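Hi,

Here is the model I said I would pass on.

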Amino acid sequence: MSDRALRAGVALVALAGVAVAGYLTYVHYQPEALICTAGGGCETVQESSYAELLGIPVALFGLLAYVAVLALVVWDSELARTLAAAIALSAVGFAVYLITLQAFVIDAWCVWCLVNDLVIVPLLAVLTVWRVRRTTA
Amino acid sequence: MPPKPRKPPSRKESGNRNLLIAAGAAAAVVLVLVGASLLLRGGDSNGGGGGSGEVTGIQEASTLLDGLPQERAVLGSPKAKVTLIQFEDLQCPICRRYQAEGFPGVVESYVRPGKVKLRMVGMAFLGPDSEKALLYTLAAGEQGKLWQFQDALYANQGDENSGWVTDALLEKIAKGLGLDWAKLKKDADGAVTLQQANSMADEANQRQIQGTPTFYVQVGDQQPYQVNPSSFEPSEFASILDDALSS
């Protein structure tokens, strides 16, 4: 795959991440946007104490991270690629933690959180790491 | 002898080195974030005393609702022209939020003056705790305190399907409200209560209710129509109910 295609891929995945994280951030501040549907989960995850870090929604951290990755894609230097990979790999680590919390502590699932943690974040990590490995000295 | 010039790193070596730096930075960031998440988190905003043994909201339920006419799942004057129908699941945290934020205003401004009556349609789609909560709430209606029981149960709502609807909790609420606990238990298992619950489930299915809370308004004997408040602010319901009253 060409670097141009990889770069476009990173940008697209980061945009998808902005959309999902943006929605989760919006929902955090507008809880009436949710309705309980069959299958439960409701807002248990969003309302749990793990949904915020120092009073800031975790989703907002995700949103800022995706925006940063987009900016780094535009910048596109060797350092920018390394930073983008660092952000993506951090997101993978934190996603593993969040999935573990949902499975074993909160005992409820947030569907859009899982879309982010199981699809978007790993994809972003793969693409950004791929780009770093192709870095020209 | 002059030192040999170092070869510049190959593309692969450069890439691998940068990858190591990225991985190292990521590990440090994850450690900080996970540490912060575990050490600095606040309390859960889900639910109340279901698991802690303490029961709250009894006094508030009584203050808000005692003295209002109620006939099982209907609260308010039977002559009230407008009915606000609430499809709800007693495990639903959003229903709990409506109960705390919107419900008291509706009761004080519209039910108590006799303008509107409320009809509860209990659903139990979130799990086993929902079913037990609904049956006992309906059974409280046999003793004329369905709405106080429902209100107090919401105040003590626990995490979904965590087993929070215990006999101990139900007994404390019942006795706090002055209900006959033995009769409540018997009625909760009885045919009348079960038939009511099934009837409510049928109504929810007929209307294809997808989630809770869902609100309908009925004016007189006309067909009920769905309303979608954009928030649980009292003003939101005031607007909806004033429209219905003026129609």
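Let me start in chain B, where ring pairs join Tyr98(B), Phe103(B), Trp147(B), Phe215(B), Phe232(B) and Phe237(B) into a cluster. Rings of Phe, Tyr and Trp (its six-membered ring) pair if their centres lie within 6.5 Å; planes under 30 degrees apart count as stacked, over 60 as edge-to-face and the rest as tilted.

A word on conventions: this is a predicted model, so local features need pLDDT of at least 70 and side-chain atom pairs count only at pLDDT 80 or more, while totals for chains, interfaces and linings use all residues. Residues are numbered from 1 along each chain as its sequence is written, chains are lettered from A and ligands numbered from 1 in the order in which they are written, and side-chain values use heavy atoms, with hydrogens and water left out.

Over all chains there are ten aromatic pairs. One of them is edge-to-face, because the rings of Tyr23(A) and Trp112(A) have centres 6.1 Å apart and planes at 65°. Tyr23(A) belongs to helix α1 (residues 3–29) of chain A and Trp112(A) to helix α5 (residues 111–133) of chain A, so this pair ties together parts 89 residues apart in sequence. Helices (H or I, at least four residues) and strands (E, at least two) are DSSP runs, numbered from the N terminus. Tyr23(A) is partly exposed at 33% relative accessibility, and Trp112(A) is partly exposed at 42% (buried means under 20% relative accessible area, exposed over 50%, partly exposed in between, with a 1.4 Å probe and protein chains only).

Phe94(A) and Tyr97(A) make a tilted pair, 5.4 Å centre to centre with 35° between the planes. Both lie in helix α4 (residues 78–106) of chain A, three residues apart, and are therefore separated by about one helical turn. Phe94(A) is buried at 9%, and Tyr97(A) is buried at 11%.

Phe94(A) turns up again at the largest pocket: it is among the residues nearest the centre, along with Val58(A), Phe61(A), Gly62(A) and Leu98(A). The lining has 34 residues, and α4(A) gives the most, with eleven. For the definition, a pocket is an open set of points on a 1 Å grid over the protein atoms alone where a 1.4 Å probe fits, with protein on both sides within 12 Å along at least five of seven lines; lining residues have an atom within 4 Å of a point.

Best wishes
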